[in-house]
Amino acid sequence: MIDLPDTASPLYEKVKDYILANIGTGRWGKDRKLPSENELVASLGVSRMTVHRALRELTAAGFLIRLQGVGTFIAPPRPQSTLIEINNIAAEIVERGNRHRSEVLVLETIMPTKELALSFEFPKRVAIYHSVVVNFENDLPVQLEERFVNPSLIPDYDKQDFSKTATYDYLMQKTPVTEVEHIISAIPADAETARHLNIDVGSCCLFLHRRTWTGAIVATISKLTYAGSRYSLGSRYSPSKTN
């Protein structure tokens, strides 16, 4: 029988620590099938309920994948880019010595389209929060920010005043971001975007589509449109030594 750490932590936390230690040391490699619940119960000397909770929470956090009737596996890392980091546009503007303000155009609860529900990886369609905010630098609109937010992680998003608190700040306080997906493209401004950013229809805009995860759960989907003549995106980073 394997001895779990002699600490004051609940038993299920000790089981989680044991599993994570095996993953972290490489003893259990990626895509490896874990011992069954019965095997873990027998080897660790804990109840099935304790093992089940530990596996459930590690799955929700994105460390494991559980396949009904097949078993539990170590989750492979999601591919992600380090090209663009998550930045707070309000803080960026202030750091440049300029003044930031925002105008909230939409803050509501909606039923997502089929495409949005799939992007959130929902097993079925459920209501989500939706906001549209224009961010200004010295009274010049520089970004049109549209966000879709998972209410299971951020339940009070629709009750906030985002003209006083940046959406970025609120989201970062409410749920940790463990993974990010970015897709960047150049698009022409449609009539609505042109009106909100005070640019001509057809003007070139930078469009950033972002998904964030908290563990295995998609937390937010954001569509950020920048006036191309007023903003640029970039970062400084160290390339990986392996391709």
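Burial is expressed here as relative accessible area, with residues under 20% called buried, those over 50% exposed and those in between partly exposed (1.4 Å probe, protein chains only). The structure is a predicted model, in which local features need pLDDT of at least 70 and side-chain atom pairs count only at pLDDT 80 or more, whereas totals for chains, interfaces and linings use all residues. Residues are numbered from 1 along each chain as its sequence is written, and side-chain values use heavy atoms, with hydrogens and water left out.

At 5% relative accessibility, Trp-28 counts as buried, and Tyr-18, with a relative accessible area of 13%, is buried as well. Aromatic pairs are defined for the rings of Phe, Tyr and Trp (its six-membered ring) whose centres lie within 6.5 Å, planes under 30 degrees apart being counted as stacked, over 60 as edge-to-face and the rest as tilted. Six such pairs are present in the structure. In one of them, the ring centres of Tyr-18 and Trp-28 are 5.8 Å apart and the planes stand at 90°, so the pair is edge-to-face. The two residues are 10 residues apart and come from distant parts of the chain, Tyr-18 from helix α1 and Trp-28 from the loop between α1 and α2; helices (H or I, at least four residues) and strands (E, at least two) are DSSP runs numbered from the N terminus.

A stacked pair is formed by Tyr-129 and Tyr-157, with 6.2 Å centre to centre and 25° between the planes. Here too distant parts of the chain are linked, since Tyr-129 lies in strand β4 (residues 128-137) and Tyr-157 lies in the loop between β5 (140-149) and α6 (167-174), 28 residues apart. Tyr-129 counts as buried at 9% relative accessibility, and Tyr-157 counts as buried at 0%. Together with Phe-162 and Tyr-170, Tyr-129 and Tyr-157 form one aromatic cluster.

The charged end of Arg-53 sits over the ring of Tyr-12 at 3.7 Å from its centre, and that of Arg-101 sits over the ring of Phe-136 at 4.0 Å from its centre.

Helix α2 (residues 37-44) has Glu-37, Leu-40 and Leu-44 as its buried residues. Seen down the axis of α2, these buried residues fall within an arc of 60°, so they line one face of the helix; the arc is that of the directions from the helix axis to the C-beta atoms. In general, an α-helix has 3.6 residues a turn, so residues three or four places apart point the same way. The face of α2 turned away from the buried side carries the exposed residues Asn-38 and Ala-42. The cover over the buried residues of α2 includes α1 (11-24), α3 (48-60) and β1 (64-67), contact meaning heavy atoms within 4.5 Å. Just after α2, Gly-45 adopts a positive phi of about 70°.

A nonpolar core is taken as a set of buried Ala, Val, Leu, Ile, Met, Phe, Trp, Tyr and Cys residues joined through side-chain atoms within 4.5 Å. The largest such core has 14 residues, of which Ile-19, Leu-34 and Leu-55 touch the most other members. Helices α1, α2 and α3 each supply at least two residues of this core, and the largest share, four residues, comes from α3. Leu-55 touches Ile-19, Leu-34, Glu-37, Leu-40, Leu-64 and Arg-66, when residues up to four places away in sequence are not counted. A second, separate core of 10 residues includes Phe-136, Ala-189, Ala-194 and Ile-199.

Thr-72, found in strand β2 (residues 71-74), counts as buried at 7% relative accessibility. Leaving aside neighbours within four places in sequence, Thr-72 is in contact with Arg-32, Lys-33, Leu-34, Leu-64, Ile-65 and Arg-66.

His-182 lies in strand β6 (residues 179-188) and is buried, with a relative accessible area of 19%. The side chains of His-182 and Arg-210 are joined by a polar contact of 2.9 Å, a term that denotes a pair of N or O atoms within 3.5 Å, of which, within protein, one must be able to donate a hydrogen and the other to accept it, residues adjacent in sequence counting only if both atoms are side-chain atoms.

Methods. Lys NZ or Arg CZ within 6 Å of the ring centre and 35° of its normal.
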